[in-house]
Amino acid sequence: MKQLLLPLIFASMALVASAGEIAIKFIGQRPDTMVYNAISYAERVAGVTSVDWRRVPLTADSVVIKVDDSELMQLTAWELDLEQYMLFALIGPGERIEAVVRDGNFRKASLSGTPFQAELNKYSEARREFEESEAYTSLERDDRIMASYNFSIDYVRAHRDEDVGVWTLQFMPVAMASTLVDSIGEDARTGFLQPLYEKIRSNVMQFRKTNDIKKRNREHGMAPDFTLKDLDGQSVSLSDYRGGWVILDFWATWCKWCIKGFPDLMKFADEFSGRCTVIGLSVDAHNETWKQYMETHPSNHVEVWVDATDLTDSNPHRSYAVEALPTKFLIAPDGTIALYEEGEDPEFLIRVRELINKK
């Protein structure tokens, strides 16, 4: 009997758990109508958007909004037709936030009532003092940007065991976040903002992986194999051309610099026919876009299409860490990357000719 009783007690406690809520008080001018939106914070971090906007007629100087009682929620509220001036709050199960809106300015609402909001208020005050300091205002624009990043770095280091440390981390370029994400304390990693931490860490891991691939590209590492379909639906693999020189040209129909380089690339393909194979890899989002372009712009070299929905390492767009178009690679007969070039550079084909003619 005792084994059954304890779960029943906890179940009954869960049933009576209070929903999170925000109490908004208006001082001075008050809008006639406000709009609010509440969405799971985990979903919001994952990129999910919500259009479940709810209008609330304001007939008094205060209003209470209840949100989901099972998870952390992101709530935004604003005056109807003034969406850019939003009040923003994170509310956990059973938590209550007190908000004061003066003269209808939702964006500058003062919030209090939860441990995280208290941390966030301290962060906001510290940043305000920093940005109003003479040491900051006397800097040139570019120096201000770096000073702002340095402020964030110092703040994360000083609050690495708190949720606000994770919060601050999201405003940094991923390269800077990469130097700090591993130092975040366990309580902060698994705490209030765990979904945000995991998202940041995922971005950092992809950034590190991309850097490793680019290092391989620069240092003449092995070129990953791939298999894609050509215009006739036939399979084309890089390994089919092992023993000869290969140029990989990543391009798209919307890339004007890619198109600009095509005449020189086609001239090269004719000149080195039998010695070097040129493979164009279209990264257009839609297969039909690529096919329609090729019907009116025939090529004298191999053309294949890269499926952007393939999120595995068999996708050469990922396995070669292509981040700019055009990007070209010269693959040596032994399968190593002999040259690697981001952007359209006429010098690339000059260097290719020199390498091939040396052999």
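Reader: How are α11 and α14 oriented to each other?

Author: This is a predicted model, in which local features need pLDDT of at least 70, side-chain atom pairs count only at pLDDT 80 or more, and totals for chains, interfaces and linings use all residues. Residues are numbered from 1 along each chain as its sequence is written, and side-chain values use heavy atoms, with hydrogens and water left out. Helix α11 (residues 262-271) and helix α14 (residues 347-358) have their axes 11 Å apart, at an angle of about 15°. Angles under 35 degrees count as roughly parallel, and α11 and α14 are therefore roughly parallel.

Reader: Which residues of α14 make the contact with α11?

Author: Contact means heavy atoms within 4.5 Å. From α11, the contact involves D264, L265, F268 and E271. From α14, the residues are L349, V352, R353 and I356.

Reader: How many residues of this contact are charged?

Author: Asp, Glu, Lys and Arg count as charged; Ala, Val, Leu, Ile, Met, Phe, Trp, Tyr, Cys and Pro count as nonpolar, and the others as polar. The contact of α11 with α14 has five nonpolar residues and no polar ones. The number of charged residues is three.

Reader: What percentage of the residues in the protein chain is buried?

Author: Buried means under 20% relative accessible area, with a 1.4 Å probe and protein chains only. The protein chain has 359 residues. The buried share of these is 41%.

Key: Axes fitted to C-alpha atoms, helices over the stretch in contact; angles between N-to-C directions. Helix = DSSP H or I, 4+ residues; strand = E, 2+ residues; numbered from the N terminus. Parallel < 35°, antiparallel > 145°, perpendicular 65-115°, else oblique. Buried < 20%, exposed > 50% of the residue type's maximum accessible area, 1.4 Å probe, protein only.
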